[in-house]
Amino acid sequence: MLRYILHRVLVSIPVLIGITLLLFVMLNVIPGDPVALMMKEHASPDVIARVRTQMHLDDPAITRYVRFLAGALKGDFGISYKINRPVTGLILEAFPNTLILALCAALVAWLIGIPAGVISAVKRQSVVDHFLWAFPFWASPCRSSGRPF
Amino acid sequence: MGRTLKGLIAVGLVYFLLAGTAMAEKVLRIPNLEDPKTADCQTTFEFYMLPLNIFDRLVEAVTVGPGKSELVPGLAEKWEISADGKIYTFHLRKGVLFHNGEELTAADVVYTFDRMLNPATKALNTAILDFVDGATERLNGKADAVKGLQAIDRYTVRITLREAYAPFVAVMASPQASIFNRKFTTAAGGQFGLTPETTCGTGPFILKTYVLNDRQELVANDKYFRGRPKLDRIVVRVVADPETLRLLFETDELDVFDCDYAIAQISYFYQSEKWKDHIISGPRVGIYYFSMNQRLKPFDDLRVRKAFQMAIDRELILEKQFYGKGKIENAVIPRGLACFSPDGPTIKYNPEAAKALLAEAGYPNGVDITIAQVSSWSAKWQDINLIVQSMVKKAGFNVTIKQMDEAAYYATRKTGDVESYAQNWAADFNDPDNFLYTFFSERGTLVRSLNNHDPAVFKGIDDARTMTDPTQRCALYRQLENRIVYEDVAWVPLFSLDHTYVVQPRVKHFVVPWNGWSDMNYFLTEVE
């Protein structure tokens, strides 16, 4: 079990790096300038150029990516351009609620899912089994489309 | 006494106490569609409600009538300007206290403006100090202090400009020029303006609560130098949906409804028996316009630009879309702004003449143009663009409306590559420089994708900035407007609009600010 967990943790490292790299490349490829967006109608070329330098946005992409990774490893995700606040703080603020929501969802899933699985296994090929097999297929699109069922 | 009676008295007392405090407290509940993000007005352009109420400025622009403003002493009780227009000496009021109990001194003023120019602040609003001697050196990191900022004594500040700049006093009254406390702001560092604990000014209200994307609460500053405000508390609720805002207003959960958030509701309120007497409306000193990019075809041809000006029936848009609550504009300087001239030339709607001009320009079968539109902006823009699309077809313009993401839009626009777009601009301070320089100076014309590279206009705008005689200045601005709108045909002025609010009957002294902004100072506002 310990080996399995260790394996999963090790595998997740390249996956995480891959995801951040992909997102970073995507954000750099699509058009948009965070400083121009911050200034909106008040955009002035000198101020945009100066603030870009001050925010190190003109550094080579690789330097910026490595800087982001180094910060992220220490738990510092930088400052949100949009709301001027440290991203880590924003995540920490929202995280407890996300955790409660996720735990509740998991709890409901376990309470219903495990007994349902047991019943299905015991009463194989019965009407109940077929229902329990088909129901989630029907229910999950209802859930994602937001319609009550 | 029986138990029942005792109980009744107890309940009654509790009720009286609760109701009593609720009645005694004067609370104004106002809406905002978005979170203001910060109270630090040096690093934002978007929301000035917090800075206008938490801080003061050396000079204040007060509203003296609909669309009319006057510059009055603020933290500075008087000031002198040298004969060459370069040296401004501000004499500070004595005994003004910051929310942390410190007295305002000249050192705070010098610190505030130096902070703006300090590269570490990464300030966006530096343009207001462009003319201060040594500002550029400080911004570029070549100096540790700003040469032109000096505290002469405890209550005297001297600001030296590198060149005369006529609107400087008006600029000092803009929210961006709010004054901070040196000690407090230095200690707050990067957190300044983000939380109540890290926000401090001299203003009539103190930031008490700030919940991101939910609400801000301000309480009265008992020691405000003009006297305690009439309101005890202001609650700003952030509600993204205009329809929800209207419901909250109608169920008395909000005291003010800003019709800017839901233009479609204006006619409803004007027709409502309940609300029609509680509408407060005032002119907005600002202008709606269409841009035309002269670097791109077909707007590189003056005749095409002229045709586009004549192909838009502005009266109809104003009537249909904004219930006629505004005024057609024919130049760059809108009504209410200094140097506004009501009797200049006008643009006449004439699709036939526009069609003939297009033919003359080599487009007898019509011409394709693209209007950019930001997908996340309010429906108002979509409506204007759709009306114009169908309207200008008559003159031979085939309009494609190009939906753009906001980030892409601003990035493309700043390099001068957006073909055409509709937008508005409202005054930051009451001076034509705020309009002419913004749009038609050498820097402005590119960053707004107008590309009207007219050296005479560039020179005129630069000259006007340093002129000190108001009559000569206004005359020069009039010439420039004529050249820009009627000779260069560099943009399409549309109209200026009124700003309409509906308030609960208990709200008194609610005045639309001179510039028509949603963000205003609530010092004089009362609730009954």
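Trainee: Is A:Ala106 buried or exposed, and why?

Mentor: The idea is to count neighbours: a residue is buried if 20 or more other C-beta atoms, placed from the backbone, lie within 10 Å of its own, exposed if 12 or fewer, and partly exposed in between. A:Ala106 counts as exposed because it has 11 C-beta neighbours inside 10 Å. Bear in mind that this is a predicted model, where local features need pLDDT of at least 70, side-chain atom pairs count only at pLDDT 80 or more, and totals for chains, interfaces and linings use all residues. Residues are numbered from 1 along each chain as its sequence is written, with chains lettered from A and ligands numbered from 1 in the order in which they are written.

Trainee: Where is the place of A:Ala106 in chain A?

Mentor: Helices (H or I, at least four residues) and strands (E, at least two) are DSSP runs, numbered from the N terminus. A:Ala106 sits in helix H5, residues 87-122 of chain A.

Trainee: Which residues of chain A touch chain B, by class?

Mentor: Contact here means C-beta atoms, placed from the backbone, within 7 Å. On that basis, 23 residues of chain A are in contact with 23 residues of chain B. H3(A) gives the largest share of chain A's side, seven residues. For classes, Ala, Val, Leu, Ile, Met, Phe, Trp, Tyr, Cys and Pro count as nonpolar, Asp, Glu, Lys and Arg as charged, and the others, Gly among them, as polar. Chain A's side has 12 nonpolar, five polar and six charged residues.

Trainee: And how much of chain B is buried?

Mentor: Of its 528 residues, 48% count as buried.

Note on methods: Two residues are in contact if their C-beta atoms, placed from the backbone, lie within 7 Å.
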